Amino acid sequence: MNKKALVLSSGGVDSTTCVSVAIEEFGKENVSTVSIFYGQKHRKELECAQKVADYYGLPHYELDLSKIFQYSNCSLLSHSTEQIVHESYEQQIAENGEGKVSTYVPFRNG
């Protein structure tokens, strides 16, 4: 029985590297990718993940977990009333004290 791999793909460098390692290890026919729509304001990472799958000729799945985050007001979410803060985590914590930064999405990569 062949081993198979399902790679969580954001379309970024790290997950794309994981896709290529999985293909090398298990063969293209045994690898699929999956991305998560969590209600984010942009679709860029989802589009990039699809492009990576298309490049390698892999099946790609997109899961919609946006209902899980429907009560969060994280600035990265499309329904948020908050603006995205374009400062480093270090800067945000220095200004606001310890705790979550505005772009923290609970368990987003869980």
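Q: Which exposed residues does the face of α1 turned away from its buried side carry?
A: Exposed means over 50% relative accessible area, buried under 20%, and partly exposed in between (1.4 Å probe, protein chains only). On α1, the face turned away from the buried side carries the exposed residues Val13, Asp14, Glu24 and Glu25. This is a predicted model, where local features need pLDDT of at least 70, side-chain atom pairs count only at pLDDT 80 or more, and totals for chains, interfaces and linings use all residues. Residues are numbered from 1 along each chain as its sequence is written, and side-chain values use heavy atoms, leaving out hydrogens and water.

Q: And what are the buried residues of α1?
A: Helices (H or I, at least four residues) and strands (E, at least two) are DSSP runs, numbered from the N terminus. An α-helix has 3.6 residues a turn, so residues three or four places apart point the same way. In α1, Ser15, Val19, Ala22 and Ile23 are buried. Seen down the axis of α1, they fall within an arc of 100 degrees (taken from the directions from the helix axis to the C-beta atoms), so they line one face of the helix.

Q: What covers the buried residues of α1?
A: Contact means heavy atoms within 4.5 Å. The cover includes β1, β2 (31-37) and α2.

Q: Which residues make up the largest nonpolar core?
A: A nonpolar core is a set of buried Ala, Val, Leu, Ile, Met, Phe, Trp, Tyr and Cys residues joined through side-chain atoms within 4.5 Å. Here the largest has 9 residues: Ala5, Val7, Val19, Ala22, Ile23, Val31, Val52, Ala53 and Leu58. α1 gives the most to this core, with 3 residues.
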